[in-house]
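The sequence and structure come first.

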Amino acid sequence: MTSGIKDTAHAVEAAAVMRLLPARPRVLALGEPTHGEELLLDVRNELFRQLVEQEGYTTIAIESDCVMGLVVDDYVTGGTGTLDEVMERGISHGWGAAAGNRELVRWMRAYNEGRPAPERLRFAGVDGPMEMTGPASPRESLTALHGYLAALVHESLLPCTAETLDRLLGADDRWTEQAAMMDPSRSVGRSAEARELRLLADDLAALLDERTPHLIAATSRDAWERARQYARAATGLMRYHFWMADDSPGRMARLLGVRDSIMADNLLAAARRGPVLVHAHNLHLQRHEAAMRMGDLPLDWWGAGALVSAHLGEEYAFVAGALGTIRHQGVDTPPPDTVEGLLYALPEDRYVVDARWLAAVLADAPPGPRESSWFGYFPLDPAHLAQSDGIVYVKDMPPR
């Protein structure tokens, strides 16, 4: 078995990934089974560099705040700000401090140097404006969307004034109350003000779409697309805050689903602009239903990749990330009767494997699932191996 896998395993290069696919997909997704490992970011950076240069991908998207990501896009396309400022203000989840993310942004800026605007590589954050501790205030997105429209359409068409928005929003710390993540009674999401803001966000987003020809002509397509980003963020945030205040058993699954729905909308928007490379956790990008446990509570929802795949069909491709060990997190050598164990027996440190071929050859004696000894690592699910187009396997994470 191992020798057969070895014969079909290839170096992690763009050409090896593209051989797995019938044609260049509009969205090519590379997953990772855990966050925070610099080696996985290094592998991503080199693979994405090759795919941009050899296959003509025009946007790189990562699992980061979509509104903050506008700061990064301004930098890589136009040089606005400094690299230090951009890494601090433009990437969420604390990942601006990662050397691999810094190198990605630096390389994108260097790649764009001297290129005409239509040929410049774009950056996109696809995550919602939220952290594990809770979502952001909708103030930035709502006021930016309202401001764009107020400058361009007659005031009689606007559903509210800027002053009304400010009054309804109130203090931002009402929206960012961290205790609300586990205690819905601490959330402002179902207050009278929040309910009115949710309707106003929807009305503002609808007005933006209704006036599209005029708005693009009066500003530019880029300015209109930026406003649409604010509209997606505002409506998504109001929906997320609404479910933060829910006290039913389905609350957490709905929050996970709303977040991935926001990610899917952002990814589809980027794909309308041109072919996209996206990097995020496997759970967000896989085609099959996502599942995890939070304490004793089992949760399942459809991730962004499953949603985008439903829209794009074969124009969406997913390459799962897999690894052997993260010894500094207690993840040791995988058992030989798991997918990771079979791959770990190969001599190379990293390689690309055809996931559908592997699923077929393992069909008569399917491997068991690998148990994760650390909550931050999600092994491959052998039952859904064939729903990935490929696997990028990295053997050992270096010690920290």
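## Cavities and a helix pair

The lining of the largest cavity has seven nonpolar, three polar and two charged residues (Ala, Val, Leu, Ile, Met, Phe, Trp, Tyr, Cys and Pro count as nonpolar, Asp, Glu, Lys and Arg as charged, the others, Gly among them, as polar). The model is predicted, with local features needing pLDDT of at least 70 and side-chain atom pairs pLDDT 80 or more, while totals for chains, interfaces and linings use all residues. Residues are numbered from 1 along each chain as its sequence is written, and side-chain values use heavy atoms, without hydrogens and water.

A cavity is a set of points on a 1 Å grid over the protein atoms alone where a 1.4 Å probe fits but cannot get out, and lining residues have an atom within 4 Å of a point. Points are joined across faces, edges and corners, and volume is the space filled by probe spheres set on them. Two cavities of 30 Å³ or more are counted.

| Cavity | Volume | Lining residues include |
|---|---|---|
| Largest | about 90 Å³ | Leu30, Glu32, Arg44, His279 |

Eight nonpolar residues, no polar and no charged, line the second largest cavity. β1 and α3 each give two or more residues to that lining; helices (H or I, at least four residues) and strands (E, at least two) are DSSP runs numbered from the N terminus.

The axes of α11 (residues 221-244) and α12 (residues 251-273) come within 9 Å and cross at roughly 170° (lines fitted to C-alpha atoms over the stretch in contact, angles from 0 to 180 degrees between N-to-C directions). Therefore α11 is roughly antiparallel to α12 (over 145 degrees). Contact (heavy atoms within 4.5 Å) involves Trp243 of α11 and Ile262 of α12, among others.

Methods
1 Å grid on protein atoms, 1.4 Å probe; cavity = no way out; pocket = protein on both sides within 12 Å on 5 of 7 lines; lining within 4 Å. Parallel < 35°, antiparallel > 145°, perpendicular 65-115°, else oblique.
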